[in-house]
Amino acid sequence: MHATIQKPIDEIIGYLDPGEKVFVVGCDNCAAKCHSGGIPDTQEMASRLEKRGVNVVGWCVPQPKGISLCKLANTKKVLQEEYGEVTKQADSFLILACGQGIHTVMDATDGGMVHAGCDTIFGGETVTDDFITEYCSLCGDCIVEYTAGLCPVTLCAKSLLNGPCGGAKNGKCEVDRNRDCGWQLIYDRLKELGQLDKMDKYIMPKNNSRWSRPRSLTMAGTEVTFRSLAGDVTISRQD
Amino acid sequence: MSKFKEKLESGKFVITGEIGPPKGVNIEKCLHDAELLRDYVTAINITDLQSAVLRIGSLAVSSKLIERRIEPIFQLTCRDRNRLALQSDLLSAWALGIENVLCLTGDHPTMGDHAEAKPVYDLDSVQLLKAASTLNQGRDMSDHELDSNPNFFLGAVVTPGAEPMEPQIIKMKKKIAVGARFFQTQAIYEPDKFESFINQVKSLNVPVIAGIVILKSAAMAKFMNENVAGITVPEDIINEMSDTPKEDRKKKAAEITARIIRQVKPLCQGVHIMPLGWDELVPEIIKEVEA
């Protein structure tokens, strides 16, 4: 999931011209889980803006329940058909969703003016209804086979691949003594699994061209192609 | 040829010093500190933006030492440069006459005075050592041939006081496998613990140089105990310092340092003295240890 957090209301107000007619759009998937763009959050945002004198022409969180804003076909249908009369009057859209959702609204409204109502902060695991945390950095070159399923790129502040630096104290990271050292977690788990020998393996430097942006994925029949500056990688599901 | 390498490889005990480049453009003071150490140490480490604080670079100061015929150990961290810059700085270092390189991870930028800087860490210290070894063999990390190759004497660091010790030793072995030929350690204040570390790494047959930080005060000891990983200054040393009147502190610091060096000397192949500004004590300490 893409974790998001609403921007401070004053920052959002600062984006808007006097009299600008705004339509607020939320997302019923990730942003709803983050309490940044679900139905109650979007409705609240509309009234908070109105209270501050903003001309809000309407708001919506595209349904069916739980659907992502970034699913273009659905968002387009909702914004152009279901809410077509209202969105036509809008000068701009304030998006309470991740950066992908912002672009989806742009596409769904044929190039409509958009404002970011949230900062997109990380991709995470929804551990509980009120706690989301990050275990993957979307690097495109996964090495957790050698690290007991725990990603050092994400869990180590320095993204070290070949073991801990000398900065951990009592199993806590040098950047924040309340935070676990990622390599301590990896070491403990490898040991518990009886796979400590995996730590002996030299892990090559990352192929950062697989982390180049923007990247894309194309699905065609039984094949999927990942495109990045590392070149196209096509995987067949039937090999 | 590196005297430091020659001494270590012939099994001799070496003493190295350390200098931190200044924050500004006047390097006279740090060159003066190097002159103080010249006759007492085999080589001097030049730190690379230590504690992630912006300063003059280690390459420039190492080069200035070469001009003065003092042998530097060029410290190179992974924090601020990607693999292109790291390899380029290594080639530059060789062209400037630098032979000894200490490859480190580097303190995180949030520890220093530019907390908003992008942490690079394109390579880790093991990968950096491997890259430097590859340059020694005449090729770059992308396997392209160099028109001429360096021949660096490569070293790394280890923290003997880390708990647990095992991951440090695993990483130390990886560093040796990719080309580390010597190790300098985090500061040692507990010779017993250091001995148990040495017993665990003896079979690796690599020279270990024990880190010695001159303890300036009880407050400094307490600060390190609370904040610096892998350093434990025992209570009796802290008390020794706090029981000493301020005017006698330098004398006491020299005495404690000399005592620790005498205790670790039989266990390792050298000591690396980090005076943290009290460079004038180093000659006295070394004379006392060698007496």
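User: This structure is new to me. What do the buried residues of H11(B) pack against?

Analyst: They pack against four elements of chain B: strand S1 (14-19), helix H2 (28-37), helix H10 (249-264) and strand S8 (270-274). Keep in mind that this is a predicted model.

User: Which residues of helix H11 of chain B are buried?

Analyst: H11 runs over residues 282-290 of chain B, and its buried residues are B:Val282, B:Pro283, B:Ile285, B:Ile286 and B:Val289. They share one side of H11(B), because their arc around the axis is only 165°.

User: How should I read such a pattern in a helix?

Analyst: Start with the general idea. An α-helix makes a turn every 3.6 residues, so residues three or four places apart point the same way. Now try helix H9 of chain B, residues 235-242.

User: Which residues of H9 are buried?

Analyst: B:Ile237, B:Ile238, B:Glu240 and B:Met241. Their arc around the axis is only 160°, so they sit on the same side of H9(B).

User: Which residues are exposed on the other side of H9(B)?

Analyst: B:Glu235 and B:Asp236. The cover over the buried residues of H9(B) includes helix H8 (218-227) and H10 of chain B. H10 of chain B also packs against the buried residues of H11(B).

User: Now a single residue. Where does A:Gly167 lie?

Analyst: In a loop of chain A, between helix H7 (152-155) and strand S9 (172-173).

User: Is A:Gly167 buried or exposed?

Analyst: Compare its relative accessibility with the cut-off: buried means under 20%. A:Gly167 has 7%, so it counts as buried.

User: What is A:Gly167 in contact with, leaving aside its neighbours within four places in sequence?

Analyst: In chain A, A:Lys172, A:Cys173, A:Glu174 and A:Arg177; from chain B, B:Ala229.

User: Step back to the whole of chain A. How many helices and strands are there?

Analyst: 8 helices and 13 strands. The C-alpha trace of chain A spans about 65 × 45 × 30 Å along its principal axes. Of the 239 residues in chain A, 44% are buried.

User: Which domains is chain A divided into?

Analyst: Domain 1 (2-123), domain 2 (142-200) and domain 3 (207-239). The C-alpha centres of domain 2 and domain 3 of chain A are separated by 29 Å.

User: How many positive and negative side chains does chain A have?

Analyst: 26 positive and 31 negative, and the centres of the two sets lie 4 Å apart.

Key
Residues numbered from 1 in each chain as written. Chains lettered and ligands numbered in written order. Predicted model: local features only at pLDDT ≥ 70, side-chain atom pairs only at ≥ 80, totals over all residues. Heavy atoms only, no water. Helix = DSSP H or I, 4+ residues; strand = E, 2+ residues; numbered from the N terminus. Buried < 20%, exposed > 50% of the residue type's maximum accessible area, 1.4 Å probe, protein only. Lys, Arg positive; Asp, Glu negative; His and termini not counted. Charge placed at Lys NZ, Arg CZ, Asp CG, Glu CD. Arc of directions from axis to C-beta. Contact = heavy atoms within 4.5 Å. Domains from an automatic or database assignment.
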